[in-house]
Amino acid sequence: QRLDEWNLLDNTLLIITSDHGESFNEHEVWTHGNSLYEEQIKVPLIIRYPELKPGGKVINEHIAQTVDLMPTILDILDFPLPEKIQGRSLLPILKGEAANKFDMAFAELRPDITWKSKNPRFGKGIKAAIYKEWKYISYDNGNYELYDLNADPEEKNNLIAKETVKADEMRSILTTWSNAVIHQKGDKVEKIDSGRLEQLRSLGYLK
């Protein structure tokens, strides 16, 4: 409403999304940052830009990731995309011109990230791959889960022991992605001021 009052609404790219969802004991887990179930990683994505036609369209046939946002924004605003990025521009999907279906996504909780305590039931390192309707979750303590998200969107029926062929396929997809991703750590250390620390504590990121 305020953007409209300022005559900026139709000249502004609006994106509404979230960095994560929240668990309310669906899988014996509370809060966030401790699992890769759908309640934590499936988030809304709403994009509004008057130059994108047609508006008001709901797109369910593709899978998007938050890493796709940066290349999408650059593409919409006609900026060149960096050579090495993990994400893909969603602009062809928004225009209805996508040559191929976006049907794969990945998520990870890395064991070297210690700012948030992890649920010991799962271990600290968790990786997940989604391919079409299938989702595979791998834990660093040797546990694995496989779900058919179409038939079981709440991930209650682990098919890892029944669908062994599909489990092997999904394991291969996840391994290929994991080997291709290089985790980089910067050497720069920046001191956080007391005000920012309090903000992080209030959000639950620090104890």
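Is Glu22 buried, partly exposed or exposed? At 29% relative accessibility, Glu22 counts as partly exposed; buried means under 20% relative accessible area, exposed over 50%, and partly exposed in between, with a 1.4 Å probe and protein chains only. The model is a predicted one, in which local features need pLDDT of at least 70 and side-chain atom pairs count only at pLDDT 80 or more, while totals for chains, interfaces and linings use all residues. Residues are numbered from 1 along each chain as its sequence is written, and side-chain values use heavy atoms, with hydrogens and water left out.

**Figure 1. The whole chain.** The chain has six helices and eight strands. Helices (H or I, at least four residues) and strands (E, at least two) are DSSP runs, numbered from the N terminus. From that end on, the elements run α-β-β-β-α-β-α-α-β-β-β-β-α-α. Of the 207 residues, 34% count as buried. The chain exposes about 14,100 Å², and carbon and sulfur atoms supply 52% of this area; accessible areas come from the Shrake-Rupley method with a 1.4 Å probe, and for residues only the protein chains shown count as cover. Among contacts (heavy atoms within 4.5 Å) with a separation of 6 or more, residues 24 or more positions apart account for 51%.

**Figure 2. Surroundings of Glu22.** Glu22 is found in the loop between β1 (14-17) and β2 (23-24). Leaving aside residues up to four places away in sequence, Glu22 touches Thr31, His32, Glu39 and Gln40. With His32 there is a polar contact from side chain to side chain, at 2.9 Å. A polar contact is a pair of N or O atoms within 3.5 Å; within protein, one must be able to donate a hydrogen and the other to accept it, and residues adjacent in sequence count only if both atoms are side-chain atoms. Glu22 and Gly33 are eleven residues apart in sequence, and their C-alpha atoms are 8.6 Å apart in space.

**Figure 3. Aromatic pairs.** The structure holds three aromatic pairs. Rings of Phe, Tyr and Trp (its six-membered ring) pair if their centres lie within 6.5 Å; planes under 30 degrees apart count as stacked, over 60 as edge-to-face and the rest as tilted. Tyr37 and Tyr147 form an edge-to-face pair, with 6.5 Å from centre to centre and 70 degrees between the planes. This pair links distant parts of the chain, 110 residues apart: Tyr37 lies in the loop between β3 (30-31) and α2 (38-41), and Tyr147 in strand β8 (residues 144-148). Tyr37 is buried, with a relative accessible area of 1%, and Tyr147 is buried at 4% relative accessibility. Tyr136 and Tyr144 have ring centres 6.0 Å apart and planes at 15 degrees, so this pair is stacked. Tyr136 is buried, with a relative accessible area of 1%, whereas Tyr144 counts as partly exposed at 34%.

**Figure 4. Charges over rings.** A charge sits over a ring if NZ of Lys or CZ of Arg is within 6 Å of the ring centre and within 35 degrees of the ring normal. The charged end of Arg88 sits over the ring of Phe102, 4.0 Å from its centre. The ring of Tyr144 has the charged end of Arg171 over it, 5.4 Å from the ring centre.

**Figure 5. The largest nonpolar core.** A nonpolar core is a set of buried Ala, Val, Leu, Ile, Met, Phe, Trp, Tyr and Cys residues joined through side-chain atoms within 4.5 Å. The largest one has 13 residues, of which Phe106, Ala129, Leu146, Met170, Ile173 and Leu174 touch the most other members. At least two residues of this core come from each of β6 (126-131), β7 (134-139) and α5 (164-180). Helix α5 supplies the largest share, five residues. Apart from this core lies another, of twelve residues, among them Leu109, Ile130, Tyr139 and Tyr147. In soluble globular proteins, nonpolar side chains tend to be buried together.

**Figure 6. Lys166 in helix α5.** Lys166 is found in helix α5 and counts as buried at 18% relative accessibility. The side chains of Lys166 and Glu169 make a polar contact at 2.9 Å. Apart from residues up to four places away in sequence, Lys166 touches Trp134 and Leu146.

**Figure 7. Two residues with positive phi.** Most residues other than glycine have a negative phi. Asp78, not a glycine, has a positive phi of about 65 degrees. Asp78 is placed in the loop between α3 (69-76) and α4 (91-94) and is exposed, at 69% relative accessibility. Glu155, also not a glycine, has a positive phi of about 55 degrees. Glu155 is placed in the loop between β8 and α5 and is buried, at 2% relative accessibility.
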